[in-house]
Each structure stands twice: as C-alpha cells, then as structure tokens.
Amino acid sequence: MNNQYQQGGMTGPYGQGAPQGRVPPQQQQQQQQQQQHRQGQGPPGMGMGMGMGPGGFAPPRQGGSGGPPPPPNMGPSGGYGGARPQERGANATRGLQWVNAFNGQIPPQAVQGGVESDGTPLFVARAMYKGGLHPGKAGPHIQDGGCAIGWGHKEVNVAEYQVLCGDASQLRWINQNKELVIQGFRPVDAGHEETGEPLYVAKALYQGSQQLGKCAPHIKHGMSFPYGHKERTTDKYMVLAYVN
C-alpha cells in the first residue's frame, strides 16, 4: 500500500464526498445527477468537500468489477459460515451481503466507503484474525493480500476476506466522538472481537485520505484503523449505519 500521502486540498473534514464505483457511462450520469440533488444534505458541520456542495459527505455507493459474485458464505472451513442470525437478517432485508474475496478481488456492487489521498477507492471489508472478525478496508492496490485490518497496534494484511456488497442507498454515515454511542440509529453488523463484543464499520479523515476501520462501545479511544503498517486511533470519526 502506498503510504506516501499528500494533503488533498480539503476544506472540511471528510472532503471527498460520495464513494464512486466502476459503472457504465449512462449510470455514471444518473449517479452524478442524484449526487447533485443530495448536495447539502450530509451530516452538519462537515464543510465543503472536493466536488461536493455543503454537507460534504453523501451516502456510500456501490462499485466493484463485473461478473457474478462469489457465494456469500464460505462455510465452516472458511471461517465465515457462522454469521449471527441478526446480522444475516438485517443485511438481507436491505439488499446487502458480505461476499467472499481473495488477493485483491473486489466483487460486483462492492460498497466503497473510503478513498486514498490520490483518489484510489477503499471498499468496506472484514476479515477473520485471531478468533475475531474485524472490519477494515479492501482494494486491489493494498499489498500482501488486498485487505488490511488493525489489530494489536499493527496493520495486518490478509488475502482472504469479505467485502460488503449490495444496495448502498440503504446506508449512511453517522458522526461520532470517542467511544461509539448507539442512539437513534442502527449500525451495520460487521464483526466481533475474539471475546464476543460486536464491532462496526468506521471511517476517519487521515492525512488527506478517508480510512476505514472499526469502532465499538468498548473501544474507549473511538475508532481504530490500519495505516502505514500501524493500527492508529482517532476520537473523531463516522460509523456506517442503516438508513432506517
């Protein structure tokens, strides 16, 4: 992963607005029109984003390459077959699922949640590690596997992971400070610690990029995310939640 980031000219936190997928030109035009209608409706206090109006941060959208997606579950041998019933139900009813991926693959309709400072997209992902299921980031440019998570003060790269795919219009970002407070919204069920505490998808501005990681009520410093071979933390971030 390229860690030589430069400031991206942002005038407000989270300046790069809506995630963008690899879609046909006609659909790109439709998405651009929809984005224009959404400008100014982002969370308050976000300032102006690059190419965005007031509000600066539109909901996630899907991207990913063409072709049929892999099966949604790996089964017990792959470590992802034991999704909790409430997780399967919440995602399925909203047209979302965690899809298997390997070695930098990004499935169709992958939810783009972040972006590198040079504009390279980052997709919402999770991976099994040390008995836990940890939210992180995925992309073909991420070295040593295509997915990175934070664990034990380190950036951990893995080659077998899952990417959140489906109807990204069912998702939104919610501002948070310090430890996660779940009130008035439902965060996306994304993973768990080895000891069972739930983990959720989070996002933060860092050195001109928007990095993906994890948050939870038990993480007192707020959010942790992988970057530059380390697990970093911040107390100002956003959590990925369902629209309703």
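The model is a predicted one, in which local features need pLDDT of at least 70 and side-chain atom pairs count only at pLDDT 80 or more, while totals for chains, interfaces and linings use all residues. Residues are numbered from 1 along each chain as its sequence is written, and side-chain values use heavy atoms, with hydrogens and water left out.

Let's begin on the inside. In soluble globular proteins, nonpolar side chains tend to be buried together. A nonpolar core here is a set of buried Ala, Val, Leu, Ile, Met, Phe, Trp, Tyr and Cys residues joined through side-chain atoms within 4.5 Å. Buried means under 20% relative accessible area, exposed means over 50%, and partly exposed is in between, using a 1.4 Å probe and protein chains only. The largest nonpolar core has 19 residues, and Val111, Val124, Leu164, Leu171, Val201 and Leu240 touch the most other members. At least two residues of this core come from each of strand 2 (96–102), strand 4 (121–129), strand 9 (171–177) and strand 15 (236–242). Strand 15 gives the largest share, 3 residues. Strands are DSSP runs (E, at least two residues), numbered from the N terminus. Another core, of 15 residues, lies apart from this one, and Val99, Phe123, Val156 and Tyr161 are among its members.

Now look at a polar residue. Glutamine 112 lies in strand 3 (residues 110–115), and glutamine 112 counts as buried at 5% relative accessibility. A polar atom of its side chain lies 3.2 Å from the backbone oxygen of glycine 114.

Next, follow strand 11 (residues 198–206) and its neighbours. Two strands pair if DSSP finds at least two bridges between them. Strand 10 (residues 189–192) runs antiparallel to strand 11, with 3 bridges joining them; here aspartate 189 has tyrosine 200 as its bridge partner. Their hairpin has 5 residues between the strands, and in it glycine 196 takes a positive phi near 105 degrees. Strand 11 is also joined by 7 bridges to strand 12 (residues 209–215), again antiparallel, and valine 201 has lysine 214 as its bridge partner. This hairpin has 2 residues between the strands, and glutamine 207 takes a positive phi near 50 degrees. Finally, 2 bridges join strand 11 to strand 15, which run antiparallel, with methionine 238 as the bridge partner of lysine 203.

The last stop is the aromatic rings. Rings of Phe, Tyr and Trp (its six-membered ring) pair if their centres lie within 6.5 Å; planes under 30 degrees apart count as stacked, over 60 as edge-to-face and the rest as tilted. The count by this rule is 3 aromatic pairs. Tyrosine 129 and tryptophan 151 have ring centres 5.3 Å apart and planes at 75 degrees, so they are edge-to-face. Because tyrosine 129 lies in strand 4 and tryptophan 151 in strand 6 (residues 147–151), the pair ties together parts 22 residues apart in sequence. Tyrosine 129, at 24% relative accessibility, counts as partly exposed, and so does tryptophan 151, at 32%. Tyrosine 206 and tyrosine 227 are also edge-to-face, because their ring centres are 4.8 Å apart and their planes at 70 degrees. Tyrosine 206 is partly exposed at 21%, whereas tyrosine 227 is buried at 3%. Ring pairs link Tyr206, Phe225 and Tyr227 into a cluster.

Note on methods:
Helices (H or I, at least four residues) and strands (E, at least two) are DSSP runs, numbered from the N terminus. A polar contact is a pair of N or O atoms within 3.5 Å; within protein, one must be able to donate a hydrogen and the other to accept it, and residues adjacent in sequence count only if both atoms are side-chain atoms.
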